[in-house]
Amino acid sequence: MTYIGIDIGKSSFVAAYPTVSGYRTRTYPNTVKGIRSFIGSLCVSEHHCVMEATGNYGFLLLYLLDRQGIAASMVNPKQIKHFSRMMMTVTKTDTKDACLIAMYGVKMNPPAYKMPSESLMLLKQKKTIIRQLKKQLTASRNLKCSLVVLPFQDRNGMKALDKTISFLAAQIKALESELADLASSEFDRQLRLLTSIKGIGITLATALIVATGAFACFDNAKQVSRFIGICPTYQQSGTSVYVKGGINRNGDANLRSLLYVASWSALRGNSACKECYERLKANGKPSKVALIAVANKLVRQAFAVIKSDTPYVDGFISSHQLK
């Protein structure tokens, strides 16, 4: 397999092709025409493209590569950054980065990216737009609160601000309704399975489906926890260094917040989560640490019900645990 490293930019991307003496690079426009020209230089069975996860700018390329049956990997930029340090590189340019990404592909053999369904991509777009509109709504409301305390206000300015707040609130409500309808129509079975878990509501269930692709790309629950960013970190070296750090925080911060809030309600109705929390508190663990453990427990329960296609039964004990 020949690995092609790709450094993505907004208007163009640089591809690094391996040669006998190293790498040759070529720059293509980040447009449909430019991507088709790049794909024309590849062989379906021989080439594997590797690129960093750079938001939306690389997704068109990834989508068209998938349509042509060419394997492609989406790599976390932190992995490329640490690989660059390991290779002791001192120069950072688009062409050097493309070559470095190609080298990473050769050394690490990253797995091919699994393209999500069209409905899942639409869900992600709606969720992103709603999140940004909510930020704008909060900023507008905060601005209004800071202006109403003044001895006098600009009447036209305040009217414009009120209209903006009303418009944003209406748009958010409409998009959230569309999001709920789309999620229910496309992932009705998964939503019913996830919401059978005490502590997981429709909002968190939808967020889990959108973020993980209904867990289709994961082999176990620990991978999901690492992806979300709620896995505890450790440092150990010899006999003198043993540090228990915080969570890894690599994934979606909004999803982590939803899981943390859900862990509170899980303590009231989810016996496994309640037992986990009480056991950790009895061992002297801080409340935050115990709640993070409960959030991880919810992730494991969510992964189990989706993979087994069976609703959650509170208090159920597997026969394997009794042996």
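This is a predicted model: local features need pLDDT of at least 70, side-chain atom pairs count only at pLDDT 80 or more; totals for chains, interfaces and linings use all residues.
Local features need pLDDT of at least 70 and side-chain atom pairs count only at pLDDT 80 or more, while totals for chains, interfaces and linings use all residues. Residues are numbered from 1 along each chain as its sequence is written, and side-chain values use heavy atoms, with hydrogens and water left out.

**Pockets**

A pocket is an open set of points on a 1 Å grid over the protein atoms alone, where a 1.4 Å probe fits, with protein on both sides within 12 Å along at least five of seven lines; lining residues have an atom within 4 Å of a point. Volume is the space filled by probe spheres set on the points, which are joined across faces, edges and corners.

The largest pocket holds about 2,400 Å³ of space. Its lining comprises 48 residues, and Ala53, Met74, Tyr113, Lys124 and Phe227 lie nearest the centre. Helix α5 (118-148) is among the elements that supply at least two residues each, and α5 gives the most, with ten. By class, the lining of the largest pocket has 25 nonpolar, 15 polar and eight charged residues.

The second largest pocket has about 850 Å³ of space. Of its 28 lining residues, Pro232, Ile247, Val289, Ile292 and Ala293 lie nearest the centre. Here α12 gives the most, with seven residues. The lining of the second largest pocket divides into 15 nonpolar, six polar and seven charged residues. Ala, Val, Leu, Ile, Met, Phe, Trp, Tyr, Cys and Pro count as nonpolar, Asp, Glu, Lys and Arg as charged, and the others, Gly among them, as polar.

**Salt bridges**

A salt bridge is a side-chain nitrogen of Lys or Arg within 4 Å of a carboxyl oxygen of Asp or Glu. The count comes to seven salt bridges, including these:

| Pair | N to O distance |
|---|---|
| Asp97 and Lys92 | 2.8 Å |
| Lys126 and Glu178 | 2.6 Å |
| Asp162 and Lys144 | 2.8 Å |

Lys126 in helix α5 and Glu178 in helix α6 (residues 155-186) are 52 residues apart. Asp162 lies in α6 and Lys144 in α5, so this pair ties together parts 18 residues apart in sequence. Helices (H or I, at least four residues) and strands (E, at least two) are DSSP runs, numbered from the N terminus.

Buried means under 20% relative accessible area, exposed over 50%, and partly exposed in between (1.4 Å probe, protein chains only). Asp97 is buried at 15%, whereas Lys92 is exposed at 67%. Glu178 is partly exposed at 38%.

**Gly69**

Gly69 sits in the loop between α2 (59-67) and β5 (71-75) and is partly exposed at 46%.
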